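Reader: I have a structure here that I would like to go through with you. Could we begin with the aromatic rings and then move on to the core and the charged side chains?

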Amino acid sequence: MKIKIINVGNKLNKWESDGIGYYQKQLPKNIKISFINLKGQQNPNLSKKEILQKEGKQVLSKISRSDFVISWDSTGKQLDSYEFSNFILDSSQSKKEIFFIIGGSHGLSMEVLNRSNQVFSASLLTFPHRLFRLILMEQIYRAFAIMQNKPYHK
């Protein structure tokens, strides 16, 4: 199974890389996760709408019509870890490559949200994007731990 995480924002720093690497090493060998990091378009001369449009174009340029896309947004469907695990299991059985989209500091454009096959919300809380990348990796690992009945998920 291949999972691609498209992220709008800063490049990974050491603690992010270390944390993400830790969870990647724990995953089954047939799970391949890659990151596509896109530069945020924050600029004091641009409106929020203009920033979202520019970032949205960047994101959409990295996916094709046939890609299965899940965006993370506070308006999305909230899942618990078991539901997320079932989603990952269903996706892996259908051999779909999954693209997870994490927006920039202003979120995601309506074009990206409308293009998405699913929109999930991790929480009603707001997370820094640096931290959310790590949270997503941990939840992917947790999903596989649930599938394999490992004691990690209690």
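Reader: How many aromatic pairs does the whole structure hold?

Author: A search of the whole structure finds twelve aromatic pairs. Please keep in mind that this is a predicted model.

Reader: How are the rings of F68 and F87 arranged?

Author: Their planes meet at 25° and their centres are 6.1 Å apart, so the pair is stacked. F68 belongs to strand β3 (residues 68-78) and F87 to helix α3 (residues 81-93), so the pair ties together parts that are 19 residues apart in sequence. Both F68 and F87 are buried.

Reader: And what about W72 and F120?

Author: The ring centres of W72 and F120 lie 5.7 Å apart with the planes at 70°, so this pair is edge-to-face. It links distant parts of the chain, with W72 in strand β3 and F120 in strand β5 (residues 118-121), 48 residues apart. W72 and F120 are both buried.

Reader: Which residues do the ring pairs link into a cluster?

Author: The cluster consists of F68, W72, F84, F87, F100, F120, F127 and F132.

Reader: On to the largest nonpolar core. Which members touch the most others?

Author: This core has 27 residues, and I5, F84, F87, I88, F100, L136 and I140 touch the most other members. At least two residues come from each of β1 (2-8), α1 (14-26), β3, α3, β4 (98-102) and α5 (129-147). Helix α5 gives the most, with nine residues. In soluble globular proteins, nonpolar side chains tend to be buried together.

Reader: What does I140 contact, leaving aside neighbours within four places in sequence?

Author: I140 is in contact with I3, I5, L27, I33, F84 and F100. There is also a second, separate core of eleven residues, including V8, V59, F99 and I101.

Reader: V8, then. Is it buried or exposed?

Author: V8 is buried, with a relative accessible area of 1%, and it lies in strand β1. Not counting residues up to four places away in sequence, V8 touches L38, K39, G40, E55, V59, I102, G103 and G104. The C-alpha atoms of V8 and N37 are separated by 6.0 Å, although the two residues are 29 apart along the chain.

Reader: Changing topic: how many salt bridges are there?

Author: The structure holds four salt bridges. One of them joins R130 and E16, whose closest N and O atoms are 2.4 Å apart. This pair links distant parts of the chain, R130 in helix α5 and E16 in helix α1, 114 residues apart. Side chains of opposite charge can pair when their charged atoms come close.

Reader: Which residue forms a salt bridge with E138?

Author: The partner of E138 is R142, with the closest N and O atoms 2.8 Å apart. E138 and R142 are four residues apart in helix α5, so about one helical turn separates them. Both E138 and R142 are buried.

Conventions. Residues numbered from 1 in each chain as written. Predicted model: local features only at pLDDT ≥ 70, side-chain atom pairs only at ≥ 80, totals over all residues. Heavy atoms only, no water. Phe/Tyr/Trp six-rings, centres within 6.5 Å; stacked < 30°, edge-to-face > 60°. Buried < 20%, exposed > 50% of the residue type's maximum accessible area, 1.4 Å probe, protein only. Core = buried A, V, L, I, M, F, W, Y, C linked by side-chain atoms within 4.5 Å. Contact = heavy atoms within 4.5 Å. Salt bridge = Lys/Arg side-chain N within 4 Å of Asp/Glu carboxyl O.
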